[in-house]
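Hi everyone, thanks for coming. Today I'd like to walk you through one protein structure, piece by piece, so please have a look at the picture before we start.

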Amino acid sequence: MITERIRGFELHDIRKLFEMADEDTINLGQGQPDFQPPMDVIDEMYRAMKEGNNRYGSHYGLTELRDEIAVQHPIDIDPDNVLITVGATQALRIALEGTVDIGDEVLYPDPGFVLFRPHIELARGTPVPYRVEQKDGFVPAVEELERLRTEKTKALILNSPSNPTGGVIPRKKIRAISRWAKENDILIISDEVYDRFVYDDEHVSSLRYCDDVVVVNSFSKSFSMTGWRLGYMITREDWIHDLANIHSYNIACPPEPVQHAALFALKNGEDFVDEMVSTFAERRKVMVDGLKDITGFHCITPKGAFYAFPSYEFDISSKQLALEILKEGVLVTPGAAFGDNGEDHLRLSYANSLENIETGLRTIEELTRRFPL
Ligand SMILES: Cc1ncc(COP(=O)(O)O)c(C=O)c1O
């Protein structure tokens, strides 16, 4: 009874590897911060529940939360531009569902986040991967986008800072890509869930330069509440209403107590975010310096998110290499899980303790020393 389209969907490689790991495995595969949300934010969710915020709410989301997102946003936006969602995952899903018609082509990064391609397919669009290269800091090139553009190109997915590469698109490039999109009537779907995790650069949104943009963002990473499932989108007011409609058929409304907690986090959680990001900055250095010291690996310094995406010279597929490393007790993610162009890379997350990062790297070094170059 299941449709052909859905039967073709496979559990992605990251989840498969996770399932093979045991509790002693050093997990450098994590796509989430290894922090708990701030305790006062947890208390606030409890307070919201005790005070009766346990019913259906507006499908647009809590008014005060939409207000606060608009107030804090670096670009001048209105609460009517904001829609609260169940994580960035659902924001991405309805952004594509709401804008892509059957056969429309959607450009997405390769290597890129594992949900992009299936979400385009679920919306019945045609996924068109664009390459991002290590030599360019994993920043997309306008020439590559132009090479792939056809009259069917409807949308472009940007992800800065990027999962899996840690690449951050600089301001000048965001401006050039936005101009290109505008000239060609292409919608930008901008996944900015790592916007707080930028180290020696700035985060710039294409929303600054373009109107036809859907920004997808989340509380998951910023406040380390991935399991609470809360995100949001920012887009044109005249689109929000239609997107909110499909959204409401999807989820009825975002969860009320979590929205109260997220509002509290936005108003009071700045120190928590700063501390977490500076912890990641320290770990990033250890991770990158360590990888640079391993013969056969080449790593550029990622400017954002919490991943390093080194290439390697060994004659082995990334999946096989990740399996060999897992046998030694360390979980890393094969680059090929993020697209064909991710082959010959690994993704290592530094959302783990310095001690685990150091042990993990030592293990990889000892293993790969035996591999011929
Ligand atoms: C680039 C990117 N976008 C979106 C998401 C999904 O985030 P959420 O937990 O808000 O659904 C992730 C999670 O790993 C991600 O890495």
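Let's begin with the lining of the second largest pocket: its residues divide into 10 nonpolar, seven polar and five charged. Keep in mind throughout that this is a predicted model. That pocket has 22 lining residues, and its volume is about 450 Å³. If you want to find its centre on your screen, look for His 73, Pro 74, Asp 195, Arg 196 and Tyr 232, which are the lining residues nearest to that point. Which helix and strands give at least two residues each to this lining? They are helix H4, residues 63-72, strand S7, residues 213-218, and strand S8, residues 231-234.

Those two strands bring us to the sheet. Here is a bit of background: strands in a sheet pair through backbone hydrogen bonds, and they can do so in a parallel or an antiparallel way. In our model, seven strands make an open sheet, and reading across it the order is S2-S8-S7-S6-S5-S3-S4, with mixed pairing. Strand S2 (82-85) and strand S4 (126-131) are the edge strands; each has a single partner, so one side of each has no neighbour in the sheet. From one strand to the next, the twist averages 25°.

S3, residues 105-110, pairs with S4 in the parallel sense, over six bridges. As an example, Leu 107 has Val 128 in S4 as its bridge partner. A helix packs on this sheet too: H8, residues 171-183, touches S3, strand S5 (153-159) and strand S6 (187-191). The direction of H8 makes about 165° with that of S5.

Now follow the chain from S5 towards H8. Where does Pro 161 lie? You'll find Pro 161 in the loop between S5 and H8, and a cis peptide bond joins Pro 161 to Ser 160, with omega about -10°. Pro 164 has its place in the loop between S5 and H8 as well. Asn 163 and Pro 164 are also joined by a cis peptide bond, and there omega is about 20°.

Next, the cavity. How many cavities of 30 Å³ or more does the structure hold? The answer is one. The largest cavity holds about 80 Å³ of space. It is lined by 15 residues, and the closest to its centre are Pro 109, Val 132, Phe 138, Asn 159 and Ser 162. By class, that lining has nine nonpolar residues, six polar ones and no charged ones.

Let's move on to the helices. When two helices pack, we describe them by the angle between their axes and the distance between the axes. For helix H11 (residues 270-292) and helix H13 (residues 354-368), the axes come within 10 Å and cross at roughly 10°. That crossing angle is why we call H11 roughly parallel to H13. On the H11 side, the contact is made by Glu 282, Arg 283, Val 286, Met 287, Gly 290 and Leu 291, while H13 brings Leu 354, Ile 357, Glu 358 and Leu 361. Sorted by class, the residues of this contact are six nonpolar, one polar and three charged.

There is also an open sheet of three strands, in the order S10-S14-S13, with antiparallel pairing. Strand S10 (307-308) and strand S13 (333-334) are at its edges with a single partner each, so one side of each is left without a neighbour in the sheet. S10 and strand S14 (residues 346-349) run antiparallel and are joined by two bridges. There, Tyr 307 stands opposite Ser 349 in S14.

One last detail for the curious. Ala 252 sits in the loop between helix H9 (237-251) and helix H10 (256-268). Its phi is near 70°, a positive value in a residue other than glycine.

Notes: Residues numbered from 1 in each chain as written. Predicted model: local features only at pLDDT ≥ 70, side-chain atom pairs only at ≥ 80, totals over all residues. Heavy atoms only, no water. Pairing = 2+ DSSP bridges. Helix = DSSP H or I, 4+ residues; strand = E, 2+ residues; numbered from the N terminus. Axes fitted to C-alpha atoms, helices over the stretch in contact; angles between N-to-C directions. Contact = heavy atoms within 4.5 Å. 1 Å grid on protein atoms, 1.4 Å probe; cavity = no way out; pocket = protein on both sides within 12 Å on 5 of 7 lines; lining within 4 Å. Points joined across faces, edges and corners; volume = space filled by probe spheres on them. Nonpolar A, V, L, I, M, F, W, Y, C, P; charged D, E, K, R; others polar. Parallel < 35°, antiparallel > 145°, perpendicular 65-115°, else oblique.
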